[in-house]
Each structure stands twice: as C-alpha cells, then as structure tokens.
Amino acid sequence: MKRQLIYTFTLVWLSLGLVSCKIKNNASGGTKPVAAVQKIPDPLLSQLWHLNNTGQYAFSSSAGTGGADINLDDLYELGFTGKGIVVAVSDSNIDMDHEDLVKNASIALSRNYLNSSSADWPGSKPISSSNTSSHGTSVMGIIGAVAENGLGGKGVAPEVTLAGFNYVDSNQSLSRKLDQAKGAIDIFNYSYGTDTCTVVAADTSYVTQLKYGVTTQRNGKGSIYVKAAGNEYFGNIYYCNPMYDDTYLGNANLEQINTYPYTILTAALTADGVLTDYSSPGSNLWISAPGGDDGVSAPGVISTDLPGCTKGYSKTSSSGNTFDKGTNALNKSCNYTAGLQGTSFSSPAVAGSIALILQANPELSWRDVKHILASTATQIDPTATNSLHPLGQNLAGHLYDQGWVKNAADYWFHNWYGFGRIDLKSAVVMAQSYTFPLGELVETKDANGDWIYQSGALALSIPDYSATGVTSVIPVGANLVVESVQISVNITHDFATDLGIEITSPSGTVSTVMNINSGILTENLSNTQFLSNAFYGEPSNGNWTIKVVDGATGDSGILNSWKINFYGHTP
C-alpha cells in the first residue's frame, strides 16, 4: 500500500456549446458582445467517482458503489464553483503551470519556503527542483482543477483561486510553520502530518497562530484549516524508530496539534463508501470524504499529476494501472493519475467543498462551517458497530471501541468517520439559509489561561490487565453547549501502549479517546491531551468521568491527575 500522505517524523460539467453575454456600453448606452467562451467536455469527468459515483471502475479492476461520493449533484449548474474563494495548499511539488491548474493558480499568493529569506517567500512558484513526487499537484487538482476546458477532469471548486505553499519540502522551521498558517486565505489545506507511534508534542506558538487564524483572519470570521487525519490505521514503528519493525495502531489524537478544535480533521473513504484500510481513527475526527484505494484492485482518486512520463505518480515505470503507465489514450502524456489513496486526498475534497459553502454564504464563521458539516453529514457504513482489537489483543469484559453512537443532542458520531461523509449539496443548501445559531466561543479557562476543571492529585492505581480499570469524576458547573471536549492526563506507566481511556458525559455518552494495546512506544502520558467531538451539542454541566484501563499483563500504572476543558457557547 502506498503511503501517499506526506509524513515526516521531525517534522479536484459536462456542458457543450457556446456561452455569450452582453455588457452595457457606457459611451453609447448600447450593448457590446463579449467574445464567446467555448466549453469543452473534460475527458476524465465520467471517471471522477468522488464527485459522482455511478459505480465506475476508474481504470481499476473493480467498480465502486453508486452514490458513495460527496454529493456534488447539480451545484455546478447552479453556479457554485468556488469563485471568489482563496484556498492555499501547503504541501510539496505544486506545479502551478499545470495545464488544468494554471487558470486558477495565483503565483502572487504562493510561497516557496525553499527560498532562504522570508522576504523571498511570497510570489514564488512552489515547486522543488527534484520533481520526484506529485503530491501537492494532485492535492491542488482535487480542489480546483479547471472545468470544461477539454483537459483532464475538474475540481470540486473549479473556479476557486489557488495558492501553493512549498512547506513540506522545506526545513519546516518554526517561522515557516507559522507563516504557512497566515495571510488573506479563506481555506488552508494541510495534507501532511507526523507518524503517531508516540505522542508528538504541539508547538505552542503554532497553536497560538491557529487560534489567531480562526479568530482574526478572514475579517474576523476565521480562516478554515482542513487537515488530513493520517494513514495509520495500521502503522509501522519502523518509520519512527528503525530499531523496530512492528505494527502499531494509529490514533489521530497522538499528534497533539490535532487536539485543538481549530482544524477540521478528515478521514478517508473507499469508492464503496466505507473506511479505507489505512485511515487513522480518532475521537477528534470531524468529517469523512473519498480518499481512494490503489487504483489497481479498486478505484483510486483521479487528479492532476506532474506533466510527463518520467516524474510524478503517472509515469512509464509506474507499478499502478495502465492509466498511470501512460498507455491509456486519455493519459498519453502522463499529466494525470488514477491511483491516489490517502487522507491526503480526502482532505482537499473537503477543502474544495468548503469553498462552495463559503461561496453560498461568505458571512459564515469557521465554527458555522463546522456546524453545517456536522449537521448535514451522512451516517454511512451502518455495519460499523462495536469493534474488536484489529490484531486480536482484546481484554475480556472490555469494549475495544464503539461503533456509531448517538449522543444526547441527536448527533451521530464514530471514531472512524467523525460525523459521517460530507454531503455537499445539503451543506450548501443549509449555508444559504443559515441563521447563525452559535454564540461567542467560550473556553473553560481562567484569566491566566489555566484550566478551571481539574481533578487535583489522585494517585489512583490502574489495575493490571483488568476491564474494571480506574475511574475519576470531575464536577463541571459551567453551562455551555459543547462543541469540543479536551482532556489532559498525567499517567505513570512503563508501557502506555497498554492503556485505554474513555470519557463519559453527564448525559451518559461515552467516547473512547485512546484504545488499549496500541503498540505505541510511549512510556508515560505526561500532560497528554485528547480531543473528542462526540459530545457535540450536549450540555457541559454535571459530572464528567474518566476511565483508564490496562489491557496487557505485566505492568501496572497510576492515574496521577487529569483535567477537562470545554469549547462551546452559552445555550
């Protein structure tokens, strides 16, 4: 399986005919014809299952399932194209001159962080000299490839303005990390992350920048950050530590930057509309979108590729399908690829979708957008019920992970899917008539930024290899409508991989934020944070309970303390 989500441990309408219009001639008061614009069908459009899944094969050996798509429906015909919205792709190897991107690409808004001086970052083409990977070019095509130009396919938002940031290929210094989250950008797409075979700390300066971005940028309505959840349903510890070659089970929460509500974390679906075999689970997920398979045995996502048959994903030496080898008549020049798989490619589908949502209602805040996505998402894969440990390391009497859970506010949530698959048509319709029900965002922190609700010192022993576990309760007096719940734990344990952690709300909703026997390399959990979106819409006041379980024999631990923070609004 290809690991096409960029990970570093250190850190995309058929309409024939001519369109003409008339404009008023200010001098004579008459009219003057505007040159006709010819619309030419995009040759790959019929294979873009992520936009319109009709059960096509998309150059693979098996078909998808009709309807398992983002529900673009007739939005393009109705004029929703992303026009007027700016989306930045922070990635690597973005060819802004690609034939199907160049019309929408803005060099002036782009940044190349390979340049040594920050003064030279803006207005630079964001492509590396190596040209080996086409990752950023493919991500950008999913968002905003041009429609009806007779080339390739089309993006979710085919008239959006595209900015490319070459961040991943840079040294990813703090100044570059902060800069790629700044500016007059409506939506940022981050199809990168860090392997989570251990807890990966978040830079406090970066957290501050994201918070600034959602509160101040876009004229105070907040820029929107869309991020890939990760490709670590099954991970290999080798990528973190070459001394080991073993499987671990990823958790999107372990990348601590994902434990804040400022990003929209996105999971990946197959062309059959179920979770891919790689998409990282987590209680911090928000939404799901097509991410694809390998394009050989099952449909991959189709998008733009670095031009030519010697670089990118599509090239003569490719091990993929015939389309990617350049032997198909529709891809003789290898300018496109049909083998994309990864949350890297579900994330831009969401970013492009949000461009249409903002076009429908530019006054939406970042939280309004999240609310609309959660409220209109499609509950998919009803067979995804309570699950056993993927590697068989279960604990008698303990539920490894839950399936779909309906919380007390009538929102369905799943650690594989978030609130479900994005339903773009429904989201746009809701955006058009949105009445702004969310009040000011409130956090339960004091004037110094300290968490108000804390357990204090506990020193509670965690029973070894026992489903009984240990529990602790924190009474919460704040009366908020929950948007996200954040906890921080201090647990002493030689092998944190053994541990499972659950949170139960006063309404009785249970959210698993960490699964037992994960295989991660961490020893203790020291001020380790987890975010859960499973309580969305519930009241915050009442008793919140944590339960910690040890799922393996030989070592016991201690729950030293924990605390809880709420992001929400007054009822």
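Beyond its neighbours within four places in sequence, Q209 is in contact (heavy atoms within 4.5 Å) with L178, A181, K182, Q217 and Y225. The model is predicted: local features need pLDDT of at least 70 and side-chain atom pairs pLDDT 80 or more, while totals for chains, interfaces and linings use all residues. Residues are numbered from 1 along each chain as its sequence is written, and side-chain values use heavy atoms, with hydrogens and water left out.

Q209 sits in helix α3; helices are DSSP runs of H or I with at least four residues, numbered from the N terminus. Q209 counts as buried because its relative accessibility is 9%, where buried means under 20% relative accessible area with a 1.4 Å probe, protein chains only. The side chains of Q209 and Q217 are joined by a polar contact of 3.3 Å, that is, a pair of N or O atoms within 3.5 Å, one able to donate a hydrogen and the other to accept it.

In α6, the buried residues are L424, K425, A427, V428 and A431. They fall within an arc of 165 degrees seen down the axis of α6, so they line one face of the helix; the arc is taken from the directions from the helix axis to the C-beta atoms. These buried residues pack against α4 and α5.

| Helix | Residues |
|---|---|
| α3 | 204-215 |
| α4 | 343-360 |
| α5 | 366-376 |
| α6 | 424-432 |

The lining of the largest cavity has 20 residues, with L249, G250, P281, Y400 and N515 nearest its centre.

Terms used: 1 Å grid on protein atoms, 1.4 Å probe; cavity = no way out; pocket = protein on both sides within 12 Å on 5 of 7 lines; lining within 4 Å. Buried < 20%, exposed > 50% of the residue type's maximum accessible area, 1.4 Å probe, protein only. Helix = DSSP H or I, 4+ residues; strand = E, 2+ residues; numbered from the N terminus.
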